[in-house]
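Subject: Structure for your review

Dear colleague,

Please find below the structure that I am handing over to you. My notes on what was found in it follow directly after.

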Amino acid sequence: DDLRAAGDVVFSLVAVEDATIVGHALLSKLAGPFPALALAPVAVLPAWQRRGIGVRLIEGAIARYRDALHAAVQVPANHGRTWQIFAHNNLAYHLHLLGHYADAERHVRSGMRLAQRTGMRIIQSYLYSTNGEIALAHGDYDTAERLFRDGLDIAEHFGLPERIAGL
């Protein structure tokens, strides 16, 4: 309700079974130095859990991120590049949640290349964090720690308290 009252809701996804809403995912504006979206909360009624409903909601969000990436490519100049980088990051994070690690890693690399090529170092903290999550999922704790540290170094350099807390 607070997100709606603040005007931060971008869109909602719902899962309906037998004319009853059994799951919900919300994409909302994420506070930060650049425009970004957060996928939270994702919830499924307890009686309907373990049936793939949460996965389908996340897959629906991934489809929206793919649409956002396609739209961002059409936007000229740096503003469009910012959206492209965040779309790659969001795709990577949510693909990793579904266990699609190769696709997730591909999107992190694409986002990182674009951020480096356009000099948007500040955004790299998000990509390092996502890449660290992927490394954790693989059980590669040393790499995860290095990636989280790299992201934290950037966040501290640019004074991004929300990234510092998130890393």
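Setting aside its neighbours within four places in sequence, Y65 is in contact (heavy atoms within 4.5 Å) with L27, L37, A38, L39, A87, N90, L91 and H94. The model is a predicted one, in which local features need pLDDT of at least 70 and side-chain atom pairs count only at pLDDT 80 or more, while totals for chains, interfaces and linings use all residues. Residues are numbered from 1 along each chain as its sequence is written, and side-chain values use heavy atoms, with hydrogens and water left out.

Y65 also belongs to the largest nonpolar core, which has 22 residues. Such a core is a set of buried Ala, Val, Leu, Ile, Met, Phe, Trp, Tyr and Cys residues joined through side-chain atoms within 4.5 Å; buried means under 20% relative accessible area, exposed over 50%, and partly exposed in between, with a 1.4 Å probe and protein chains only. The members that touch the most others are L27, L39, I53, L57, A61, Y65 and L91. Two or more residues come from each of strand 1 (9-17), strand 2 (20-29), strand 3 (37-44), helix 2 (53-74), helix 3 (77-97) and helix 4. These elements are DSSP runs numbered from the N terminus, helices being H or I of at least four residues and strands E of at least two. Helix 2 gives the most to this core, with seven residues. A second, separate core of 18 residues includes F86, A115, Y128 and L147.

How do helix 4 and helix 5 pack? Helix 4 (residues 101-117) and helix 5 (residues 124-137) lie at an angle of about 160 degrees, their axes 10 Å apart. Axes are lines fitted to C-alpha atoms, for helices over the stretch in contact, and angles run from 0 to 180 degrees between N-to-C directions. Helix 4 is therefore roughly antiparallel to helix 5, a term for angles over 145 degrees. Residues of helix 4 including Y101, V108 and M112 meet residues of helix 5, among them L127, Y128 and I134.

Two loop residues also deserve a note. Most residues other than glycine have a negative phi. A19, in the loop between strand 1 and strand 2, has a positive phi near 65 degrees and is exposed, with a relative accessible area of 78%. R50, in the loop between strand 3 and helix 2, has a positive phi of about 70 degrees and is likewise exposed, at 88%.

With kind regards

How values were computed:
Parallel < 35°, antiparallel > 145°, perpendicular 65-115°, else oblique.
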